Amino acid sequence: MQVLVTGGLGFIGSHTVVALIEAGYKPIILDNLSNSELFILDRIQDITHQHIPFYQIDCLDYLNLEQVFQQNKIQGVIHFAAYKAVGESVSEPLRYYENNLLSLINLLKIMPKYQVENFVFSSSCTVYGQTEMLPVNEQAPILPAFSPYGNTKRIGEEIIKDTVVAQRTLKAIALRYFNPIGSHESGLIGELPKGIPNNLIPYITQTAIGLRKQLQVFGNDYPTPDGTCIRDFIHVCDLAEAHVKALEYLQTQDKGLIDFVNVGTGKGVSVMEIIKTFEEVSGVTLNYTIAPRREGDITEIYADATKSKQLLHWEAKRPLRQALLDAWNWQKKLGL
Ligand code: UFG
């Protein structure tokens with residue numbers, strides 16, 4: 001089965017391509033390289049020993065995007081391609097709304113023309129905002145987004161829902177990711193932040209290797225046991241496998257299905273626990289300081305992972321220590 005993976009050279013996309021091949025699918029990668037590197041394609045091919053078709057195309061480019069559907073027998077789409085920097089989205093909202101929503105709309109317009117039914121969308125636990133429900137399940141109210149980025153995920157889910165209900169030609173699952181970390185065990189692919197990382201783990205590994213002077217812990221006065229924020233950190237290879245399971249599930253369902261599924265471990269871990277665990281597994285003492293809270297951060301979120309187990313027969317398997325060790329190995333291979 002041919003599966004189009006938009007954003008297939010990105011962090012989660014590249015790991016999902018590997019998981020798809022391991023499960024017997026034939027992924028086709030589409031990526032505009034705006035936040036990814038071409039060498040990742042070679043690395044995926046090294047890991048899987050397979051040639052993977054690649055198109056350097058922007059999902060906003062409707063005509064070229066449609067040609068990919070004309071040239072292949074695509075039976076499913078996993079749509080990762082999107083901008084994802086929360087802070088940047090606040091200063092450049094139109095760029096975020098245009099890119100994240102129009103690329104989605106283009107795909108949803110093209111898919112029925114080529115009888116492509118199966119659609120998996122990258123959503124985020126950001127749609128829950130600072131929920132009262134911990135662990136949070138999929139029934140929790142969708143709260144106003146903290147950022148234009150978060151809003152594109154909320155609106156994206158609604159666009160898909162309305163389209164599925166109106167057309168009845170599609171089946172779709174939006175996967176609500178918690179915090180993906182780690183890298184493939186080979187150390188050949190992983191997270192490649194451009195410039196100064198926004199996210200905690202790449203900042204930690206870059207500090208550990210000496211690329212950054214000091215990690216700032218954004219706030220230790222939150223109402224949590226150690227005062228730092230709590231998140232649900234999930235190994236990216238587990239997350240990748242959830243996409244394969246979602247695709248398998250969709251194939252057993254009738255057209256007109258739309259569902260939303262958390263993809264997390266179910267366990268909340270604090271920023272300080274991450275630092276301590278990283279120090280243990282890497283043997284490196286991190287230079288960090290306590291800094292003021294970062295604007296827009298929520299205090300605490302972690303998944304109720306029941307639905308993914310029941311519906312997709314998927315649950316996170318890899319322990320946090322392995323995720324941190326894999327992230328560290330990736331950083332060491334990348335070097336400075
Ligand atoms: N943090 C630090 N120092 C850093 C970076 C992060 O202390 O240098 C803290 C943050 O304040 C936060 C935690 O580490 O408490 C996790 O921060 P990340 O930036 O790694 O992740 P977020 O939870 O903020 O964001 C992630 C995704 C977003 C998504 C969001 C949904 O990166 O795309 O989850 O909650 F929208």
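A polar contact here is a pair of N or O atoms within 3.5 Å. This is a predicted model, where local features need pLDDT of at least 70, side-chain atom pairs count only at pLDDT 80 or more, and totals for chains, interfaces and linings use all residues. Residues are numbered from 1 along each chain as its sequence is written, and side-chain values use heavy atoms, with hydrogens and water left out.

Aspartate 297 puts a side-chain N or O atom 2.5 Å from an oxygen atom of the ligand. For arginine 231, a polar side-chain atom sits 2.7 Å from a ligand oxygen, and for tyrosine 149 the side-chain N or O atom is 3.4 Å from one. The protein covers 89% of the 680 Å² of accessible area that the ligand has on its own (Shrake-Rupley method, 1.4 Å probe).

## Who lines the shell

There are 19 residues around the ligand, and Asn199, Leu200, Gln216, Arg231 and Asp297 come nearest (a residue counts as near if one of its heavy atoms lies within 4 Å). By class, that's nine nonpolar, six polar and four charged residues; Asp, Glu, Lys and Arg count as charged, Ala, Val, Leu, Ile, Met, Phe, Trp, Tyr, Cys and Pro as nonpolar, and the others, Gly among them, as polar.

β8 gives the largest share of the shell, four residues. The elements giving two or more residues are α7 (200-209) and β8 (215-218); helices are DSSP runs (H or I, at least four residues), as are strands (E, at least two), numbered from the N terminus.

Terms used:
A polar contact is a pair of N or O atoms within 3.5 Å; within protein, one must be able to donate a hydrogen and the other to accept it, and residues adjacent in sequence count only if both atoms are side-chain atoms.
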